[in-house]
Amino acid sequence: MRIFHSRGTTTPRPHGLEVGLEDGWRLRLVAVADDLMRVVLEPAGGLPLDRSWMVAPQGEVPWEGRPRDDLAGFAPPETTIEPLDGGATRLTAGRFRITVRAAPLRLAVEQRVGGGWRPWIADRDTGGFVRIDGDRKLRHYQFRAESDRYFGLGDKSGPLDRHGRRFRVLQLDALGYDAEIGDPLYKHVPFTIVRTGEGSDAVSGGLFYDSLAPMVFDMGCERSNYHGLYRYVETDEPGLDLWLIAGPDVATVTRRFTLLTGRPSLPPRWSFGFAFTSMHHADDEKAQEVIAGFAERCRAEGIPLAAIHFGSGYSTRGPRRYVFTWNRDKFPDPRALFAKLDAMGLPTVANIKPVLLDDHPYYEGVAAAGGFVEAEGGGPVSEQFWDGMGSYLDFTNPETVRRWQEGVTEQVLGHGFTAAWNDNNEYEIGAENARAGLFGHPHDATRIRPLQALLMTRATFEATRARDPGRRPFTVTRAGPAGLQRYAETWSGDNGTSWHTLKWNLRNGLSMALSGFSRVGHDIGGFTGPRPDAELLCRFVEMMALHPRALMNSWKPEVAPDWRAATHPWTHPEVLPGIRDALNLRTTFLPLIYTLAHAHVRDGEAIIRPLFWDFPDDPRTFDEHDAMMLGPDVLFSPVVEKGATTKTQYLPKGPEAWIEFATGRVFAAGSEATVEAPLGRPPIFVRAGAALVLASETPVVRPTDAPARRLWIAVGSPAGTARGRHVEDDGETERWRDGDLLDLAVTATWSVEALALDFTALAGDRPLPAVTDWRIETSDGVASRRIEHRPAAR
């Protein structure tokens with residue numbers, strides 16, 4: 001272990017400074033934007049990778065990566081450098097003021113909040129930066145206070161506050177993980193939000209370590225008698241590229257991080273509806289018949305199904321799976337199946353995997369083209385996969401990308417699928433000598449595993465877009481690093497079936513939302529484990545009713561030998577009415593979810609978020625809650641305890657009051673509300689003074705068909721004003737980018753006698769709806785108010 005010290009040379013550089021260190025190492029501080037600062041610690045030869053694929057301020061990066069020092073898309077602020085006593089140096093730029101101390105090397109960072117500077121983070125006094133394992137790895141040690149709060153790291157398990165935990169940032173196919181303590185999981189998100197100080201002195205900021213290598217984040221699990229309280233980050237490579245992201249609050253940090261790593265894509269509207277998949281369906285000997293029958297029964301049972309995702313069974317030969325092939329025994333006429341589903345208004349999504357088994361018909365051709373991750377001496381690396389040994393495709397090879405996109409286009413989309421789902425792409429490469437081509441610059445494949453998942457997803461996304469340029473592409477990925485929001489939605493992977501999972505999956509999803517991934521969900525009913533009982537299944541459906549992604553998925557071979565093992569909406573007929581009610585509730589709120597998806601794209605705003613996102617001044621919102629916010633106005637409090645028929649929920653301070661959506665009851669802000677929670681009716685509270693635009697007709701056969709013309713006004717007092725926002729477009733094309741949308745501001749002012757409505761178009765060319773189109777409801781149920789429609793405006 002070698003602690004860095006300065007050699008005493010600090011040199012001003014464009015937009016920052018450079019500090020000379022031992023053995024040719026150097027520390028660079030680069031002010032990239034008013035709210036962004038890079039801290040680069042690198043050896044004489046530079047960082048192991050001189051490019052980034054996660055940083056994308058302009059929305060996209062070249063396939064070969066973005067040069068790390070590229071300032072395109074940024075506006076660097078003015079910087080000032082001043083010497084301090086004791087050989088220290090202070091750099092001031094934008095919202096940051098950083099003090100660099102030399103012996104040992106360590107930094108102290110302040111943020112400008114309002115008109116003054118507040119201390120934010122500081123490195124450990126006994127040394128901030130340390131080389132270990134013969135200089136092959138690096139650790140960054142920082143001071144830790146017991147009152148600190150740490151959030152982020154993607155899909156990690158447990159409480160949202162990571163304080164006291166240790167995590168490995170390493171993609172893993174974590175089947176049946178423990179959602180409270182399991183680690184590592186599927187994503188690679190080396191990003192934390194650090195909130196220091198208390199009360200009015202609290203300040204939050206982000207730390208993003210731009211590395212694709214495996215990492216360890218110790219958030220206070222480790223202690224040493226000689227160093228005081230600390231936390232550390234360890235990178236499995238020599239050097240680090242750390243981005244500091246200014247707050248001062250959690251919400252601001254997430255917004256900035258999301259846009260730093262790439263503006264999210266907007267998927268088609270159908271993707272926000274309830275969807276279904278199960279390996280049991282596509283694996284069945286009569287898969288085509290089973291899938292068609294499932295769709296027909298959903299229509300007969302009044303289940304508002306929006307899409308069907310196919311497991312990989314369509315590509316099986318015996319027990320093995322071969323991506324981009326078809327099993328014509330199970331699917332004798334896939335085109336006829338797709339025509340039937342299309343006529344029912346059901347898009348379809350195909351499961352695809354990045355490994356070719358060693359007897360795959362394409363294997364030899366891909367190997368000859370160098371298209372696999374290879375051993376250092378040449379030839380494909382063979383790894384254990386699902387049904388045998390196989391080799392991972394190398395998406396840092398342009399020829400592999402071309403072949404993959406050809407397969408997606410011809411064998412997936414060309415047969416009738418609407419989209420594709422990137423699965424099992426954690427790239428669990430165990431061979432220490434494995435090499436990836438990295439666009440002509442071969443690199444240790446074990447240190448860029450997340451890049452393979454990202455580029456696989458990008459290849460699928462771009463192939464889908466190219467086949468039908470007029471329509472928005474849709475894709476899904478299970479694994480990947482920061483930046484995957486540019487292409488795909490994601491989920492928490494192969495969760496288990498239990499009440500424990502239900503409770504902790506809620507937090508897994510909120511953590512992803514804090515980490516830039518807002519289009520998230522969890523497999524309804526649990527993917528693996530026993531069949532869910534009636535109550536648990538209904539509560540799973542309820543919890544996912546207001547998540548951006550709602551998909552029922554299961555693999556339970558111990559339950560039955562065929563398709564009947566799958567979890568279905570009607571698995572327990574006694575709760576089917578409650579499940580139907582919960583899914584119709586989703587349909588009711590789809591216009592709001594879709595409006596929030598636009599905000600996610602436009603501003604990096606999280607669709608779902610913890611209570612402290614919107615109410616940071618209320619200390620109780622930082623406690624653990626089985627609840628989330630859907631946008632700024634809706635507090636959703638799903639039931640996650642077995643046998644519960646009521647739910648007690650703390651309602652944050654700030655609003656005038658809170659209104660229970662189902663009953664119109666008014667509750668004081670800053671109080672605990674206990675409400676009835678029968679099956680099918682999860683508790684929802686709306687901020688008093690909110691105007692929600694909801695679907696005006698439910699139930700419907702296709703949930704995205706419901707017109708958004710129901711205006712629900714949360715009335716908490718005899719007189720007041722409510723505000724809301726609604727965005728609509730054609731739901732399918734990219735024409736919204738050119739103004740073919742309606743971005744509508746709604747204002748409702750009421751008294752005991754009257755309700756005045758104002759509609760203002762904030763953006764877009766679509767005509768304003770006629771005031772007579774709206775179904776107006778107030779939460780207090782008073783129908784005697786005179787409705788006044790003020791002229792609509794642009």
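What volume does the largest pocket have? The value is about 740 Å³. The model is predicted: local features need pLDDT of at least 70, side-chain atom pairs count only at pLDDT 80 or more, and totals for chains, interfaces and linings use all residues. Residues are numbered from 1 along each chain as its sequence is written, and side-chain values use heavy atoms, without hydrogens or water.

A pocket is an open set of points on a 1 Å grid over the protein atoms alone, where a 1.4 Å probe fits, with protein on both sides within 12 Å along at least five of seven lines; lining residues have an atom within 4 Å of a point. Volume is the space filled by probe spheres set on the points.

The largest pocket is lined by 31 residues. Trp270, Pro347, Thr418, Arg471 and Glu732 lie nearest its centre. Helices H4 (334–343) and H7 (449–467) each give two or more residues to this lining. H4 supplies the largest share, four residues. Helices are DSSP runs (H or I, at least four residues), and strands are E runs of at least two.

The second largest pocket holds about 420 Å³ of space. Its lining has 19 residues, with Arg195, Gly199, Ala202, Pro616 and Phe622 closest to the centre.

The chain has eleven helices and 53 strands. Its C-alpha atoms fill a box of roughly 75 × 70 × 50 Å along the principal axes. Of the 794 residues, 64% are buried, meaning under 20% relative accessible area with a 1.4 Å probe, protein chains only.

Note on methods. Buried means under 20% relative accessible area, exposed over 50%, partly exposed in between (1.4 Å probe, protein chains only).
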